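Let us take a friendly walk through a protein model, one stop at a time. Have the sequence and the picture at hand as you read.

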Amino acid sequence: MELITIAKIHTEFPDKFGIPRQSGLVPSLRGEIVFEPEFRSPDAIRGLDEFSHIWLLWEFSESKKEGYALTVTPPRLGGKVRKGVFATRAPFRPNPIGLSSVKLEEIYYDEEKGPVLVVSGADLLDGTPIYDIKPYLPYADSHPEAIGGYGEMHKKDGIHVVFPKKLKDILPSNLRQRVEDVLKQDPRAAYNKKPDYVYGMRFLDYDIRFVVENETLMVTDIVEITEAGYKKIK
């Protein structure tokens with residue numbers, strides 16, 4: 001069976017580094033889903049505006065590699081503990097398919113793009129192919145009594161952020177809280193927490209640079225990637 005890309009999502013993350021590890025962790029994030037030409041009919045989403053949340057099935061388009069393993073090392077477990085691939089949400093899978101629950105904020109119509117879905121809380125890279133969209137049904141999809149396994153120990157993970165006002169003011173006002181909310185998730189992988197290291201996180205056209213000392217993340221600089229001589233931190 002060949003999967004068809006029905007749409008692509010446009011988000012504030014041009015790079016993988018910094019993307020929240022699960023959907024809904026940063027509700028302030030925004031994304032726009034633009035359908036492929038053959039699906040740009042209002043009929044295709046008739047009734048979708050009756051729902052507050054939707055499921056997205058999508059492709060790990062930038063995480064492809066030859067083959068796959070039956071066990072993986074989840075970053076949240078330090079990259080040292082092996083779990084079965086089907087007991088994780090790791091991107092390296094027999095079929096590189098992701099699943100995200102997002103809030104449907106708005107549907108608007110564009111003369112060229114057709115119906116556009118505005119969503120919040122997405123954990124997807126800019127340009128990610130979407131394979132399917134389904135309505136979220138609270139009576140069937142919500143299970144408050146569910147057990148979260150080893151994931152429970154990380155559901156409240158976060159880090160204290162120091163974001164100097166003079167740097168925060170470089171950002172447009174509508175982005176400041178979003179960037180801070182993302183940083184509070186601690187973008188670093190558990191196995192890659194380097195001391196005395198300057199990290200760079202791309203957010204739209206800005207490179208947010210920070211260091212971490214004593215479990216406090218401190219923003220040290222914000223560089224517009226359009227600036228002459230811009231160089232990405234490796």
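Strands here are DSSP runs of E with at least two residues, while helices are runs of H or I with at least four residues, and both are numbered from the N terminus. Before going on, please note that this is a predicted model, in which local features need pLDDT of at least 70 and side-chain atom pairs count only at pLDDT 80 or more, whereas totals for chains, interfaces and linings use all residues. Residues are numbered from 1 along each chain as its sequence is written, and side-chain values use heavy atoms, with hydrogens and water left out.

Is Gly200 buried or exposed, or something in between? Gly200 counts as partly exposed because its relative accessibility is 24%. The cut-offs are these: buried means under 20% relative accessible area, exposed means over 50%, and partly exposed lies in between (1.4 Å probe, protein chains only). From Gly200 you can look across to Thr220: the two are 20 residues apart in sequence, and their C-alpha atoms are 10.0 Å apart in space.

Now turn to strand 7, residues 114-120. How many of its residues are buried? The count is 7 of 7, so to speak a mostly covered strand, by the definition of buried as under 20% relative accessible area. Strand 7 pairs in the antiparallel sense with strand 2 (residues 30-35) over 5 bridges, where two strands pair if DSSP finds at least two bridges between them. Strand 6 (residues 97-110) also runs antiparallel to strand 7, and 7 bridges join them. A hairpin of 3 residues leads from strand 6 to strand 7.

Next come the charged contacts. The structure holds 11 salt bridges, each being a side-chain nitrogen of Lys or Arg within 4 Å of a carboxyl oxygen of Asp or Glu. One of them joins Asp43 and Arg46 at 2.5 Å, N to O, and both of these residues are exposed. Another links Asp132 and Lys134 at 3.0 Å, N to O. Asp132 is partly exposed because its relative accessibility is 27%, and Lys134 is partly exposed with a relative accessible area of 39%. Asp169 and Arg176 also form a salt bridge, with their closest N and O atoms 3.9 Å apart. Lys165 joins Asp169 and Arg176 in a network of salt bridges.

Met1, Leu3 and Ile97 make a nonpolar surface patch of about 360 Å². Patches are made of residues with over 30% relative accessible area and no salt bridge, with like charges joined within 9 Å and nonpolar side chains (Val, Leu, Ile, Met, Phe, Trp, Tyr) within 5 Å. Leu3 lies in the segment before strand 1 (7-10), and Leu3 is partly exposed, with a relative accessible area of 39%. Asp205, Asp221, Glu224 and Glu227 form a negative surface patch. Glu227 sits in the segment after strand 12 (216-224) and is partly exposed, at a relative accessible area of 42%.

Notes
Accessible areas come from the Shrake-Rupley method with a 1.4 Å probe; for residues, only the protein chains shown count as cover. Lys and Arg count as positive and Asp and Glu as negative; His and the chain ends are not counted. The place of a charge is taken as NZ of Lys, CZ of Arg, CG of Asp or CD of Glu.
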